[in-house]
Amino acid sequence: MDKSAIIIKGNRHIDSRGSISFINDFDMSQVKRFYSIQPELGVRRAWQGHKLESKWFHVIKGRFRVKLRSLETQELLGDYELNDAQPEVLSIPMGMYNGFESLEKGSLLLVFSDATLEQSKSDDYRADLTDIPWE
């Protein structure tokens, strides 16, 4: 199984009626639940990870910086800036911590998960920013 995060690219169509954003290559067959997060501007929410759960991040509004680290070694595995102007999904495989911060007021992040809430709670690994630095 591939353990690297990937960006699933989408696109946008604009005409006189408005715009349509789409990410047709995002296979949602594994998704069991989703939720949205609207953090305060500049607040870093880090580090949360799962050994068995995969997640997908999509920015609905605004901009986010997302960082990924290995659960085992805390090595930085990815540093992404996601925004609502570029339709895309960040696919985060199991075995990684994720952390993020909003870069614009009112930013909204949609998170998809392949685990139920009960499964996720029993596979929850957290570290503090004082233990694993952001930079």
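Predicted model: local features only at pLDDT ≥ 70, side-chain atom pairs only at ≥ 80, totals over all residues.
Colleague: Let's start with F57: is it buried or exposed?
Modeller: F57 belongs to strand β6, which covers residues 55–61. The cut-off for buried is under 20% relative accessible area. F57 has a value of 2%, so this residue counts as buried.

Colleague: Which residues does F57 touch, leaving out those up to four places away in sequence?
Modeller: A contact here needs heavy atoms within 4.5 Å. With sequence neighbours up to four places away left out, the list for F57 runs V66, L82, E88, V89, L90, I92, N98, F100, L109, L110 and V111.

Colleague: And how far apart in space are F57 and S4?
Modeller: Along the sequence, F57 and S4 are separated by 53 residues. Going C-alpha to C-alpha, the distance between F57 and S4 is 14 Å.

Colleague: On to the open sheet of five strands: which ones are the edge strands?
Modeller: Reading across the sheet, the order is β8-β7-β10-β5-β12, and the pairing is antiparallel.

Colleague: What about β2 and β3, how many residues sit between them in the hairpin?
Modeller: β2 (residues 11–15) and β3 (residues 18–22) run antiparallel and are joined by five bridges. D15 stands opposite G18 in β3. Between β2 and β3, the hairpin has two residues.

Colleague: Now the largest pocket: which strand gives the largest share of its lining?
Modeller: The space in this pocket is about 340 Å³. Elements giving two or more residues to the lining are β4 (33–37), β5 (44–50), β6, β10 (96–102) and α1 (117–121). The largest share is five residues, and the strand behind it is β5.

Colleague: Which lining residues lie nearest the centre of the largest pocket?
Modeller: There are 19 residues lining the pocket. Nearest its centre you'll find Y35, R45, Q48, K55 and R126.

Colleague: Last one: how many of the residues in that lining are charged?
Modeller: Asp, Glu, Lys and Arg are the types that count as charged. The lining of the largest pocket has nine nonpolar and four polar residues, and the charged ones number six.

Notes: Residues numbered from 1 in each chain as written. Heavy atoms only, no water. Helix = DSSP H or I, 4+ residues; strand = E, 2+ residues; numbered from the N terminus. Buried < 20%, exposed > 50% of the residue type's maximum accessible area, 1.4 Å probe, protein only. Pairing = 2+ DSSP bridges. 1 Å grid on protein atoms, 1.4 Å probe; cavity = no way out; pocket = protein on both sides within 12 Å on 5 of 7 lines; lining within 4 Å. Points joined across faces, edges and corners; volume = space filled by probe spheres on them.
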